[in-house]
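Subject: Structure handover

Hello,

Here is the structure we talked about handing over. Please open it alongside this email.

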Amino acid sequence: MFRRSWRHAAAAAAVLLALSSVTACGDDSSDSEDLSENRVGAMENYAAGTQFKATEPLSFSVLYNNHPNYPLNEDWLFWTELKSRTNVSLEKVAVPLSDYNQKRSLLIGAGDAPLLIPKTYPPDVHAYVSSGAILPVSDYLDLMPNLKDKIEKWNLKPEIDTLRQQDGKFYLLPGLHEKPWHDYSLAVRTDILEELNLEVPKTWDEVYTMLKAMKAAYPDVYPFSDRWSQPNPAGNLLNLLAVSYGLEGAGWNFQHVSWNAQAQQFEYTGATEQYKQMLQYLNKLVSEKLLDPESFTQTDDLARQKLANSKSFVISANAQAVVNDYRPDLAATNPKAKITKIPLPIGPAGEINPASRLENGMMISSKARDSENFVAMMQFVDWLWYSDAGQEFAKWGVEGTTFVKDASGKPKLAPEVDVVGLNPGAPKHLQKDFGFYNGVFAYGGKPELVQAFFSPEEQEFQQVMNARAPKSPPPPYPLNDEEREQVSLWETPLKDHVYQATLQFVLGQRDFAEWDAYVAELKSKNMDAYLEMVNGAHKRFQEKN
């Protein structure tokens, strides 16, 4: 519920474009810096696995993403227990979820940002680096032993390297997962599969076969009618197919470049042979009336109505959509209907888990470095967001109040506490009444923590996905300020043209015989110059590292 695809913060870039360029240098270590004046409240022997507790009461400001499902409550147990355990209070600058990115940009641009800036996704960071407004956190990893320990134990260096900027540093403390967590796939009416004696499809080719059989039995139905087509056409479906074809992402997670391991260079995603094959697959579904052409433009409500009224049998899904949307919709119209989320179908890229092991994370205001409490603040962040104890606290709460442990030491919700329907009818809610399992503080960790509140069927889904090889992250290609400004001017026209042509090819409005002409159109929009800049930045990074 706390995840989204990594998309560029265009509004933030626009706000900060005029800010001056200040670039720091260093080498992922605070050893060379004199922090003797910044240790007030810090623990002397803080280490991985140690409970952090400031040596005197401290308070740090934090930008707080106020979620409408559990609005901020100053009386939450989370705040009082956090202060009891760490001697730290948080001064919340609360911002509605809907305005979070814009407000964050304005605060940073005006120099008024709180010290701690969580809920930031990796691409969003680019807009803030050149201003000097945020801290190069990689210089201070020695102050964060839990973070360092997890990066080393979980072999996360390749993923961490993707965060590095042109100066070799990174400016975001990301959420870390030991295993990738992939959520989005397709939901399928399993009662229809049973009726037609069909197996759950394991590959995209088998999805096609399944849809053909559904169409044969129900000729007046589009078997597949999709949602999540706003603001990008077929946002989820295109992304699922893109990663299945070996690309970095498309649809609502469109990535301009994808790494070609064989050629050892980046290629423009929308011009690759894989992208063409993906569109040909979709065109086949549309032309054979297996996929509703309105899937690329219709609202979510309309797609849900078609599913509820048995005008379709397949739709994009995540775990919550199945439980909160599709099953209640179907229960109201067709109580015998059954629907489930199937494992991501396998494509030409093979059995991969495409999810990243990094998640949204924390930026820190550069003002924090001058604080006498800087070291204590970094220790506090390390404990709450990266230690096993801190992560358990942020998710589960307080033993004996919000959760209990069984004989094996495994936590489970207290009987009187509910979250995501695990204890329906319980009088208290873990998020709304106590403030735990809050997206500002609770994310990342070991699979047993991440999946703790998953239903048995979702845990089974994750078992299948975790058995697949993690997708290797693309190599870094950090751009300097001038390059980033230039590519930002190229990206929108390129992406808009890819989206336009994608719809034309899929819906049969443009023949695939015109593919070379389409690629030439991308070239006229600076595709080759874009690739030259990206590959040059990659080569430069390789030479320096």
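Below are the findings, from the whole chain down to single residues.

Please keep in mind that this is a predicted model.

Overall fold

The chain has 545 residues and a radius of gyration of 24 Å. Along the principal axes, the C-alpha atoms fill a box of roughly 75 × 60 × 35 Å. The secondary structure amounts to 19 helices and 16 strands.

Burial is next. Of the 545 residues, 55% count as buried. The chain exposes about 23000 Å². Carbon and sulfur atoms supply 49% of that area.

Contacts reach across the sequence. Take those between residues at least 6 apart: 76% of them join residues at least 24 apart.

For charges, the chain carries 53 positive and 71 negative ones. Their mean positions lie 4 Å apart.

One hairpin

Strand S6 covers residues 257–260, and strand S7 covers residues 265–268. The two pair in the antiparallel sense, over four bridges. Asn 260 has Gln 265 in S7 as its bridge partner. Four residues sit between the strands of this hairpin. Gln 264 takes a positive phi there, near 55°.

Some background first. Most residues other than glycine have a negative phi. The next two residues are worth a look with that in mind.

Asn 197 is not a glycine, yet its phi is positive, near 60°. Where does Asn 197 lie? Asn 197 is in the loop between helix H7 (190–195) and helix H8 (204–217). Is Asn 197 buried or exposed? Its relative accessibility is 70%, and the cut-off for exposed is over 50%, so Asn 197 counts as exposed.

Tyr 437 also has a positive phi, near 55°, and is a residue other than glycine. Tyr 437 lies in the loop between strand S15 (428–429) and helix H15 (447–450).

Over to you.

Best wishes

Conventions. Residues numbered from 1 in each chain as written. Predicted model: local features only at pLDDT ≥ 70, side-chain atom pairs only at ≥ 80, totals over all residues. Heavy atoms only, no water. Rg over C-alpha atoms; globule rule 2.2 N^0.38 Å. Buried < 20%, exposed > 50% of the residue type's maximum accessible area, 1.4 Å probe, protein only. Contact = heavy atoms within 4.5 Å. Areas by Shrake-Rupley, 256 points an atom, 1.4 Å probe, with all protein chains shown as cover. Lys, Arg positive; Asp, Glu negative; His and termini not counted. Charge placed at Lys NZ, Arg CZ, Asp CG, Glu CD. Pairing = 2+ DSSP bridges.
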